[in-house]
Amino acid sequence: MKKTKKPKKVKTRFDTITERQFTKQVIDLAGWYGWLRFHQLPGMSKSGRWLSATQGDIGWPDLFLVHPKRCQIVIAELKTEAGRLTPGQELWLDAITGCWDRLLERNDNLTLRVFLWTPSQSDDIEAVLKG
């Protein structure tokens with residue numbers, strides 16, 4: 001992966017940043033720190049409605065990140081400061097966290113972190129991604 005200049009933090013009031021802008025910031029920062037990144041983009045249906053192609057249960061978190069050198073996985077749902085989790089998103093985050101806790105009881109070498117991140121946590125986000 002070719003290194004470029006570190007992405008700039010967008011100086012904005014946390015309550016005015018959109019989820020799209022916030023997502024781009026986190027994805028760019030994760031790439032800067034060597035994470036493989038997955039984020040599903042919505043597409044427009046023939047009826048003009050925005051949808052994400054999903055088969056299965058709705059609410060999968062926004063980002064799935066893997067750091068190959070550190071053997072770490074981060075799953076993150078991204079929301080604006082005013083954003084709220086949907087019931088499907090709550091279900092996924094609770095299920096992932098609960099299952100992971102049970103796996104950790106058997107093997108303490110596993111590394112998975114699940115987050116709900118908002119723009120005001122930008123310093124915390126960078127600290128996690130930087131390692």
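Mentor: Gladly; we will start with the whole chain, walk across the sheet, and then turn to the helices and a few single residues.

Please keep in mind that this is a predicted model. The protein chain has three helices and six strands, and along the sequence they follow the pattern α-β-β-β-β-β-α-β-α. Of its 131 residues, 27% count as buried. If you take the contacts between residues at least 6 apart in sequence, 62% of them join residues at least 24 apart.

Four strands form an open sheet in the order 1-4-5-6, and their pairing is mixed. Strand 1 (36-38) and strand 6 are the edge strands, each pairing on one side only. From one strand to the next, the twist averages 20 degrees. As a general point, strands of a sheet pair through backbone hydrogen bonds, either parallel or antiparallel.

Strand 1 and strand 4 run antiparallel and are joined by three bridges. Here Arg-37 has Leu-65 of strand 4 as its bridge partner.

Is Cys-71 buried or exposed? With a relative accessibility of 61%, Cys-71 counts as exposed, because the cut-off for that word is over 50%.

Next comes strand 5. Five of the seven residues of strand 5 (residues 72-78) are buried, so this strand is largely enclosed by the rest of the structure. Strand 5 and strand 6 (residues 112-117) pair in the parallel sense, over six bridges. In that pairing, Leu-78 stands opposite Trp-117 of strand 6.

Leu-78 also gives us a way over to helix 1. Thr-23, which is found in helix 1, is in contact with His-39 and Leu-78, once its neighbours within four places in sequence are left aside. Why does Thr-23 count as buried? Its relative accessible area is 7%, and buried means under 20%, so Thr-23 falls in that class.

Helix 1 has a partner in helix 3. The axes of helix 1 and helix 3 (residues 122-130) come within 10 Å and cross at roughly 30 degrees. The two helices are therefore roughly parallel to each other, and their crossing is right-handed. Helix 1 makes this contact with Phe-22, Val-26, Leu-29 and Ala-30, while helix 3 brings Ile-125, Glu-126 and Leu-129.

Returning to the sheet, where do we meet helix 3 again? Three bridges join strand 1 to strand 4, and helix 3 packs on the sheet, touching strand 4, strand 5 and strand 6. The direction of helix 3 makes about 160 degrees with that of strand 6.

Let us look at charged side chains as well. Side chains of opposite charge can pair when their charged atoms come close. How many salt bridges does a search of the whole structure find? The search finds two. In one of them, the side chains of Lys-24 and Asp-28 meet at 2.6 Å, N to O. Both residues lie in helix 1 (residues 19-32), four residues apart, which is about one turn of the helix. Lys-24 is exposed, with a relative accessible area of 51%, whereas Asp-28 is partly exposed at 28%. The side chains of Glu-77 and Lys-79 also meet in a salt bridge, at 3.7 Å, N to O. Here Glu-77 and Lys-79 are both buried.

One last stop is a loop. Ser-52 lies between strand 3 (50-51) and strand 4 (63-67), and it is partly exposed, with a relative accessible area of 38%. Ser-52 touches Gln-40, Leu-41 and Pro-42, not counting residues up to four places away in sequence. Between Ser-52 and Leu-41 there are 6.5 Å in space, C-alpha to C-alpha, and the two are eleven residues apart in sequence.

Note on methods: Residues are numbered from 1 along each chain as its sequence is written. This is a predicted model: local features need pLDDT of at least 70, side-chain atom pairs count only at pLDDT 80 or more; totals for chains, interfaces and linings use all residues. Side-chain values use heavy atoms; hydrogens and water are left out. Buried means under 20% relative accessible area, exposed over 50%, partly exposed in between (1.4 Å probe, protein chains only). Contact means heavy atoms within 4.5 Å. A salt bridge is a side-chain nitrogen of Lys or Arg within 4 Å of a carboxyl oxygen of Asp or Glu. Two strands pair if DSSP finds at least two bridges between them. Axes are lines fitted to C-alpha atoms, for helices over the stretch in contact, and angles run from 0 to 180 degrees between N-to-C directions. Angles under 35 degrees count as roughly parallel, over 145 as roughly antiparallel, 65 to 115 as roughly perpendicular and the rest as oblique. A crossing is left-handed if the near helix is turned anticlockwise from the far one by less than a right angle, and right-handed if clockwise.
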